[in-house]
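Hi,

Here is the structure I promised to pass on to you.

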Amino acid sequence: MTGPARGTGIQMTLSKVAHEQYRAVLESAGLLDCSGRGKVRVTGPDRVSFLHAMISNDVQELAEDAGRSATLLTANGRIVADFYFYKLAEEILVDLEGELAARFVTTLEKFVIMDDVTLEDAGGRWGHLSLQGPASLDVFGKAAGTEPPAAELSVARVDFGGASWLAVRKGFLHGVGVEILGPPDALSGLHGALLDEGALPVGKEVAEILRVERGIPRYGADIDENYYPMEARLDHAVSLTKGCYIGQEVVAKATHVGGVNRLLCRLELAGERLPEPPAPIFAGGKKVGTLTSAVRSPRCPRPIALGYLRRAFTAPGTRVSVQLARGEAGAEVVERFRLQ
């Protein structure tokens with residue numbers, strides 16, 4: 001990786017420690033503690049058929065010990081939650097933003113009538129570590145004494161320190177990664193073993209920069225119940241071939257008939273000042289969208305951001321402006337951030 005440029009206000013805003021964390025994810029292995037994420041256990045004989053009829057992706061055809069991304073929608077197709085789910089031998093484990101777990105459970109419990117299924121908010125029962133970066137699989141293998149799962153979003157069971165863990169092959173902040181889920185009281189031992197093998201702890205500031213760089217929307221920032229999954233570019237979380245589910249008719253109509261009126265886009269901003277999301281986006285003096293996330297990246301000479309724009313303004317190269325606390329900043333829609 002090309003080292004951070006020197007002498008500009010943007011590149012020098014990160015501390016030396018944060019720069020080291022950032023480089024660890026890009027060049028070796030960064031370690032994040034994701035234990036604040038929520039977990040929901042779906043159990044009972046009807047768990048597969050019930051969840052399949054509720055969420056936007058296919059549960060029935062998914063192999064055991066494998067996972068997918070999905071959304072839970074309102075009846076009019078808006079996003080209640082976006083999440084990953086893992087189909088295990090005796091349960092389906094849902095992994096989502098911490099504040100969404102209770103809403104996920106209460107929303108779905110309204111639809112449990114004759115189904116033999118139980119939904120349990122189980123966030124406090126899981127510790128959650130995430131290794132991200134090109135060396136993460138090697139670091140995991142040495143620390144855990146076993147190979148990581150072979151396929152993306154596949155799950156393996158791992159014994160470490162007298163405890164049983166789930167290891168998930170999952171690239172998130174980097175294209176290569178593995179996440180480890182297990183008992184919270186055993187987390188420190190595994191955390192230490194991963195550090196001993198060369199992982200470097202990564203904080204929230206750096207994780208947010210890497211997320212925006214990869215164009216990944218986050219619930220509470222870039223996603224809420226005002227958006228459809230297609231607007232947030234969550235097509236990978238939606239099956240167009242499975243049967244009915246909550247909000248399916250709206251999703252199908254938007255996909256096959258009229259499309260959506262706005263899309264989540266990447267933006268590069270002029271100047272050095274960061275807008276405070278949510279910030280209005282303008283073109284020709286008219287509001288055409290909303291900026292939802294903005295960061296300074298060590299690899300980009302300009303601030304980068306995510307935001308929703310009307311379809312007529314989503315083509316790469318389109319020039320818009322973003323409202324700041326004082327004044328405005330010019331911005332350009334890009335297909336990919338021009339990272340050095």
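This is a predicted model: local features need pLDDT of at least 70, side-chain atom pairs count only at pLDDT 80 or more; totals for chains, interfaces and linings use all residues.

Asp 65 sits in the loop that runs between helix H2 (47–52) and strand E3 (66–73). The phi of Asp 65 is positive, about 60°, although the residue is not a glycine. Most residues other than glycine have a negative phi, and most peptide bonds are trans. With a relative accessible area of 23%, Asp 65 is partly exposed.

Leu 153 is another residue other than glycine with a positive phi, in this case near 65°. Its place is the loop between helix H4 (136–144) and strand E8 (155–160). Leu 153 is buried, as its relative accessible area is 14% and the cut-off for buried is under 20%.

For backbone geometry, there is also a cis peptide bond to look at: the one from Pro 277 to Pro 278, with omega near -5°. Pro 278 belongs to the loop between strand E12 (262–269) and strand E13 (279–283).

Now the chain as a whole. It has 7 helices and 17 strands. Its radius of gyration is 21 Å, close to the 20 Å from the globule rule for 340 residues, so the chain is as compact as a globular protein of that length. Along the principal axes, the C-alpha atoms fill a box of roughly 55 × 50 × 30 Å. Of the 340 residues, 55% are buried. Among contacts with a separation of 6 or more, 67% join residues 24 or more positions apart. The accessible surface is about 15,000 Å², and carbon and sulfur atoms hold 49% of that. As for charges, there are 38 positive and 42 negative ones, and their mean positions lie 9 Å apart.

Helix H6 (residues 204–213) may interest you too. How many of its 10 residues are buried? The count is 7, so the helix is largely enclosed by the rest of the structure. Those buried residues are Val 206, Ala 207, Ile 209, Leu 210, Arg 211, Val 212 and Glu 213. They pack against helix H1 (16–27), strand E1 (30–33), E12, strand E14 (286–295) and E15. After H6 comes Gly 215, with a positive phi near 70°.

Two loop residues with polar side-chain contacts are left. Ser 35 lies between E1 and strand E2 (38–43), and is partly exposed at a relative accessible area of 25%. Its side chain makes a polar contact of 2.7 Å with the side chain of Asp 33. A polar atom of the Ser 35 side chain also lies 3.0 Å from the backbone nitrogen of His 128. Leaving out residues up to four places away in sequence, Ser 35 touches Trp 126, Gly 127, His 128 and Leu 187. Ser 35 and Gly 123 are 88 residues apart in sequence, yet their C-alpha atoms are 8.1 Å apart in space.

Thr 318 is in the loop between strand E15 (304–310) and strand E16 (319–323). Is Thr 318 buried or exposed? Its relative accessibility is 17%, so Thr 318 counts as buried. A polar atom of its side chain is 2.7 Å from the backbone oxygen of Ala 315. Beyond four places in sequence, Thr 318 touches Phe 313, Ala 331, Glu 332 and Val 333.

Best wishes

Conventions. Residues are numbered from 1 along each chain as its sequence is written. Side-chain values use heavy atoms; hydrogens and water are left out. Helices (H or I, at least four residues) and strands (E, at least two) are DSSP runs, numbered from the N terminus. The radius of gyration is taken over C-alpha atoms; the globule rule is 2.2 Å times the number of residues to the power 0.38. Buried means under 20% relative accessible area, exposed over 50%, partly exposed in between (1.4 Å probe, protein chains only). Contact means heavy atoms within 4.5 Å. Accessible areas come from the Shrake-Rupley method with a 1.4 Å probe; for residues, only the protein chains shown count as cover. Lys and Arg count as positive and Asp and Glu as negative; His and the chain ends are not counted. The place of a charge is taken as NZ of Lys, CZ of Arg, CG of Asp or CD of Glu. A polar contact is a pair of N or O atoms within 3.5 Å; within protein, one must be able to donate a hydrogen and the other to accept it, and residues adjacent in sequence count only if both atoms are side-chain atoms.
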